[in-house]
Structure formats: C-alpha cells, structure tokens
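Please read the following note with the sequence and the structure side by side. The points are numbered so that each may be checked in turn.

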Amino acid sequence: MHSSWQKALSWGILALGFAFLYVPIIVLIVYSFNESRLVTVWSGFSLKWYGELFSDRQMMKAVGVSLRIAFMSATSAVVLGTMAALVMVRFGGFKGKTLFTSMITAPLVMPEVITGLSLLLLFVSLDQFIGWPGGRGMTTIWIAHTTFCMAYVTVVVNSRLREMDQSLEEAALDLGANRLKVFFLITLPIVSPALVAGWLLAFTLSLDDLVIASFVSGPGSTTLPMEVFSSVRMGVSPKVNALSALLVTGIASLTFVGWWLMRRQEHKRLADLQAAKRQQEMV
Amino acid sequence: MKAAAERKIWRPGRSLVIAVPFIWLLLFFLAPFAIVFKISFAESQLAQPPFTNLVEWAEDMLTLSLNLFNYKDLVEYDLYLKGYLTSIKIAFFSTVFCLLLGYPIAYVISRMPPHTRNVCLMLVIMPSWTSFLVRIYAWMGILKGNGLLNNLLLWLGVIDQPLAIMHTPTAVYIGIVYAYLPFMVLPIYANLVKHDHSLLEASADLGAKPWTSFLRITLPLSIGGVIAGSMLVFIPAVGEFVIPELLGGPNSIMIGKLLWAEFFNARNWPGAAAVAVVMLLLLVLPLTLFHRYQARDLEGREDA
C-alpha cells in the first residue's frame, strides 16, 4: 500500500519535525563550549563557562534548593497520584467522582500564573487565620509542586492500571488474600514501571517550574529556574548556556534510563506471557 | 454484578484511599480559586497582607465591603482588554500552527512498525521533559538581531539586512509552537494508533482514493485526539508568561504578563486576582471541553 514517494514524504515530515525540536537544543549545547562572551560568534573550544558556573555560589545554592524540592514533590506526588489513579480505575462510582475527575484534569492545563497566584493567596489567608504554614518557603513550594505534579502522575499510572491484567488480583483475592496485601504484593509490582515514569516526570516538572515557584517562594528559597530567569532577563549569557547544557543532558539521560527500564520490563512481561502460553499449549 | 454487590459494604480502607487525594485537591486546588475570587473584591493596601478584609466586625456592626474597582479598572484600561484579546489571538493561531505541524507527525508515527514507533515517540516527548526555560532561552540566541538565524541567512545571501524577529509577535508564535508541539502530537498519536485499518482497506476496495479515505474516515475518527491536543496547547498558552516575557515585545503583551506585572511590580494583589478571575471565566468553555475528553480517557470509556 505504501508507495515509495509516500515513504519519502513520511520521512521528510519526521525529519522536519525533529529538526525543529532538536536544532535549538543542539545549538545551545555547542555554544556552551564557546570561548567568546558573544554567544553567537564561535571563537574556539573552551570549558571556561563551566568553570564560572561552578564557582557561582548563588547558582549552586539554587541547584541544591531545586533538587531537594523536586525530590520531595516527586515522591509525594507519586503517593497521592497513585491513590488517585486507583480511585479512578478501580473504585467504581462514588459521590463527588465528577468533581474528583475534574480536579485531576484541570491542573494539566491550568495556566501557571493562575495556579501560582491562587496558591499564594491561599497560603497568605491560611497564615492569617490559622498561622500555618508560617510564611513562604520550601514547604509552600513543595505543596504547590505536589499538587500539579500529582495530576501528571495520575494520568501515567491510570493508563498502566487499565492495561494491566486483573486476573492475577482476582486469583489472589479468591485465595483469601486481603485487599491491602493484594495491592502491595501484586498490583504495585505490576504498575511499578509507571510509578518510576511518573516519579521522573514529576521530578523534571518540579525542577523546571518557574512561574508557580516565583509566586509561592519566600526569601532564602530561590529555585534554579528563578535564578536562571533573572540572569536570562538581562540577556544571553554563556554561563546560562553551560548550565542549560548540563540540565538538558542530565534530564535527557534520566529520561532515557527510565524509558529503557520500562521497555525492559515490558519485554520481560511479554516474554513471560508467551512462555506461559506455550506451557499451556503443551499441557 | 460482583462489583455492585461489593459496593454496598462500607469499607474504611476504601474511604481513606478516596479521602486523602480528594481532600488534598479540595484544599490545594479548588479552595484557592474561591480565595482568588474573594480577594478580587478587596482593596489594595500597604500592609501585611497587602489587601483589605471584606468582612469587618467592629462596634457590634458587621460590614461587608465588596470593592468593584479592580473589575472597573479591567474595563476602563485599554491595556487589559488588549491583553486579553492578544492572548486569545496568539493562543488560537499557535494552536492552529501546532495542529498543522503536529497532526502529520502523529500520523506518520502511528503508521510505523511498533519498534520504530516507540523510538520516534520517545524523541517527540523528550524535549518536553527538558527544561522549558532553557528551550525558550535557546531561541533567544537564535532569533536575536545578531543571532544565528540572521547570521545564517546573511551568509547564505537570502537577506542583506538582519530580520527583526526577536521582540515581535512572530517570535512569540515560534516559542509557543516549539514549546507546546509535543502536547499536540501525543493525544493525536494515542488516538490514531488505535484505529482499525480494516475500515481503510474496505474503503480502498470500494475505490476510494487514499486522500478521500483520510478525510472521511481517519480525520473524523481522530477528532477526540485533535480536541484534547488543541486544548492542551490553547489553555496554557492563553496564560503564558515566560514566552512573551523573553521573546515578545511591546506588540505581544499577553495577559499572563500583565497579571505578573500587577502582582510583582505594582504589588496590587487584588488587581492581579481580578485579572485571574476574568481569565478563568474566558477559559471555562475550553476547560470543560478538555475535561470531557480527558475524563473519558481516564475512566477508560471507549464511546469516543
């Protein structure tokens, strides 16, 4: 059915799409090794901007803050998101399910300025009335990030839960295991690749967020994107290129590892399934 | 039937699993909107917190003061009206460009053998996992007056004067399409990959040209993915702040930027809240549309 010109057209479209997506990133990385201060004129290979980056104490402190927040947010988002996914896939109907579903889907698209402002006003009002969370800082950023990351985790875990074969859970229940045991011993291991993927996604989303963090952060909790943004506003600087290159390669390799782990698990699962089928046929 | 019978029994574990994420979302996602709405009727003041209380209890008198100035400002200053219109216009055309670029990509990937398909899909998703800020920053170096694009075009002899792209709406369009393209490709791909090819074969057997089959079978069937993808681009793009701030100029003042300025520069919190309330009202319809398709997907219903 595929004629050769159709094939050429397909590859042409893909090549164009990928060029659009990747050329800016590659250019950015290449110019982080540029000797010159002028980001667009190549004057020789140099690592000096990386050196300057690592001696920038303020930037390094922001890296620490961001990594800690991302780690905490991703972890709590995975716990809450998995619960939410379980509720949506396995719990059938309950009062308020429509509201629940809309609170899961809306954060996926809600403009960040609205989310940021509304959470800030919530924290300020809470402070006014119950004296918690006691000013803005890491805790408020953590709460904000957990809330929007949780929606993404729910989507990832949700699709895995729906694809999974429920007969194993049913068998365990029939054999007398209680639900909690079934969940931790059977369901959780099966959906674990989705948990890893969800965690990684939440981690990168949190690490990357500028707008929401700007609203809900306080003195002493400046995150990396906030630091980068204030220096980028002044114009293009090679130090930011160096940082960007490190960020991009770091996150890309993290993503790749996650993807590879998921694929390996998937292959293993398919192989097991086929082995089981063969055994069944033999009997 | 088994499930229905089980549902009747009250299980504390079940309620707990529902309650924890539910209460979290009520408190940290829904309640904040009510507070934004409330504070949009307050007055800005130089104090901590920088807005007045709506309800005052003094000398046995309960006073409720609703201040409509913030909304009056929105109507009276051209800047806001222009901001909303520019945002909607830019978000709309960016969505169209994303669709024109993203649909063919999703289509081609969905027709590949499974192995290549996974690799290609991964390549589409990967940029959206790397820092958003960094990717917009990359375009600053490319688009500016003495940037790479101008240098390349000058060197090729296509132009003899550098193009002024940076700080124009064009730069904002490029930034938004670039940043949001993967969000358009994914849902369309997820839809297309589920299609049953026997329909296309049948229509080909009956003599339909591939183009006709596409328009009358594939495209209508994929409308769910198109709507989901379009809303994933349109809604956040309306409130976009980083892209117009870094790439845009005086002709691309979007509402997200005005809200930011109202909050961080003018320190007028109630004013920013009013801007947010009106933006939310404008987004109610797109949000409902998105929710309908996304909820169907999350609940695994196939009646698309």
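1. Helix 7 (residues 167–174) of chain A packs against helix 8 (residues 179–208) of chain A at an angle of about 150 degrees, and their axes are 10 Å apart. Helices here are DSSP runs of H or I with at least four residues, strands are runs of E with at least two, and both are numbered from the N terminus. Axes are lines fitted to C-alpha atoms, for helices over the stretch in contact, and angles run from 0 to 180 degrees between N-to-C directions.

2. This is a predicted model, in which local features need pLDDT of at least 70 and side-chain atom pairs count only at pLDDT 80 or more, while totals for chains, interfaces and linings use all residues. Residues are numbered from 1 along each chain as its sequence is written, and chains are lettered from A and ligands numbered from 1 in the order in which they are written.

3. Which residues form the contact between these two helices of chain A? Leu168(A), Glu169(A), Ala172(A) and Leu173(A) in helix 7 of chain A meet Val182(A), Ile186(A) and Thr187(A) in helix 8 of chain A; two residues are in contact if their C-beta atoms, placed from the backbone, lie within 7 Å. By class, this contact has 5 nonpolar residues, 1 polar and 1 charged. Ala, Val, Leu, Ile, Met, Phe, Trp, Tyr, Cys and Pro count as nonpolar, Asp, Glu, Lys and Arg as charged, and the others, Gly among them, as polar.

4. Helix 8 of chain A also contains Gly198(A). Gly198(A) counts as buried because it has 28 C-beta neighbours inside 10 Å; the cut-off for a buried residue is 20 or more other C-beta atoms within 10 Å of its own. Beyond its neighbours within four places in sequence, Gly198(A) is in contact with Val78(A), Gly81(A), Tyr152(A), Val153(A), Val156(A) and Val157(A). The C-alpha atom of Gly198(A) is separated by 27 Å from that of Arg136(A), 62 residues apart along the chain.

5. Between the chains, 75 residues of chain B are in contact with 68 residues of chain A. Helix 2 (residues 12–39) of chain B supplies the largest share of the chain B side, 18 residues. That side comprises 59 nonpolar, 12 polar and 4 charged residues.

6. Chain B has 14 helices and 2 strands. Its C-alpha trace spans about 85 × 75 × 30 Å along the principal axes. Of the 304 residues in chain B, 42% are buried.

Definitions and conventions: A residue is buried if 20 or more other C-beta atoms lie within 10 Å of its own, exposed if 12 or fewer, and partly exposed in between; C-beta atoms are placed from the backbone.
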